[in-house]
Amino acid sequence: MKTPHWKLLTLVGPDRPGIVAAVSRVLLGAGAELGEASMMRLGGLFTIMLMVGIDGDGVHLKGLLESVRNEFKLRVHVDELNAGLHRRIDPDARVTVYGADRVGIVAEVTDALAQAGLSITDLRSDVAGSEDKPIYIMNIEGVAQQGLPPLEQALARLSSDIRVTIAPIELMRG
Amino acid sequence: MALRDIILYPDNRLKTACEAVDSFNAELRDFVNDLLDTCASGPGAVGIAAPQVGVLQRICIVDATRARKPVPNHGKLILVNPEITAWDGFAVGREGCLSVPDYTGNVVRAEKIRLSAYDLDGNALSFEMEGYEARIAQHEIDHLDGILFLDRLISRGADLFQRKPAKSKAAE
């Protein structure tokens, strides 16, 4: 099988049923291959980040999606990728964070983690709770490049209103 | 040393329930030696099950001595016709599989199990396992029932089940 030329396709638009189906149907019709993807609803928008293997340049890919873009009022962005599939990195540390929502939690936590050697591979966050008393929840996975102890020390110095748990991810392969 | 080829999903043999071993003979011993060698040569492998080399019999290796960090274990175990007879607690852990390269995912497993099996001479064995070793055993015995960790994946965001964090910082 010919190795496709991979691109990262980013699509954002008002959330409504059928976006993923319409986009993937068009790409299938164009002979494109779909790779790894992250898709989720954020703030009433539906966001798609999708690896697409297809010949031609980004303009060509955008052109294929023109009718879907109009129908679903999507914004489309294409990045060329130098790498293809199978470039995943296994994380070895998981950090969970929560606290009363306030400005600066993400910056404080991720600054501390970056300085202590964590390379983030996955970060999900939510604002939950009630509208007048929101809470912030964040799940982070990453590679602890200097091991767990520096991360534990860094997190221990965070503001006292942020609750943080760090645990190793022990991969079991059998 | 004889290495067997690891078969990869979507090979349907990985989705097939295996037959119990009924002859504890030299052929079984030879096969298990190959399985041990194959497990030892698998990148980061701490266990392997017979169907992963295309043999649909209820045989597996559980070897928590190969864990990256030391964990409670019963040594390198050869388990013939293993059965889990009791389960207790649950934990989320990250699993990968020699038969599913380039993917890892979170799976819920029992924290503690009781397991019965036979050795290569047909003698009955029983173990109480916990944590990482119990996870390996459950993963391998699943293989003998045609179940892959892919059948048990939970969302990567599902961290509500976390247990025993290494360090927790919580201001009171």
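Four salt bridges are counted between chain B and chain A in this predicted model. One of the salt bridges joins the side chains of B:Arg68 and A:Glu170, with a nitrogen-to-oxygen distance of 3.7 Å. This pair qualifies because a salt bridge requires a side-chain nitrogen of Lys or Arg within 4 Å of a carboxyl oxygen of Asp or Glu.

On the side of chain B that touches chain A, the elements that give two or more residues are strand S4 (91–97), strand S5 (100–109), helix H2 (131–144) and strand S9 (167–169) of chain B. The largest share of this side is supplied by H2(B), with six residues. By residue class, the side of chain B that touches chain A comprises 12 nonpolar, 11 polar and 12 charged residues. The contact involves 35 residues from chain B and 28 residues from chain A. About 2700 Å² of area is buried between chain B and chain A, and carbon and sulfur atoms give 46% of this area.

Strand pairing also links chain A with chain B. Strands of a sheet pair through backbone hydrogen bonds, in either a parallel or an antiparallel sense. Strand S9 of chain A (residues 172–173) pairs with S4(B) in the parallel sense, and two bridges are found between these strands. Within this pairing, A:Met172 lies opposite B:Glu95 of S4(B).

Within chain A, four strands form an open sheet in the order S2-S3-S1-S4, with antiparallel pairing. Strand S2 (33–42) and strand S4 (75–80) of chain A are the edge strands, each pairing on one side only. Direction ignored, neighbouring strands of this sheet are turned against each other by 15° on average. Strand S1 of chain A (residues 6–14) runs antiparallel to S4(A), and six bridges join these two strands. In this pairing, A:Val12 has A:Arg75 of S4(A) as its bridge partner. Helix H1 of chain A (residues 19–29) packs on the sheet and touches S1, S2 and strand S3 (45–53) of chain A. The direction of H1 in chain A makes about 20° with that of S3(A).

Methods
Residues numbered from 1 in each chain as written. Chains lettered and ligands numbered in written order. Predicted model: local features only at pLDDT ≥ 70, side-chain atom pairs only at ≥ 80, totals over all residues. Heavy atoms only, no water. Contact = heavy atoms within 4.5 Å. Buried area = accessible area lost by both parts, 1.4 Å probe. Nonpolar A, V, L, I, M, F, W, Y, C, P; charged D, E, K, R; others polar. Pairing = 2+ DSSP bridges. Axes fitted to C-alpha atoms, helices over the stretch in contact; angles between N-to-C directions.
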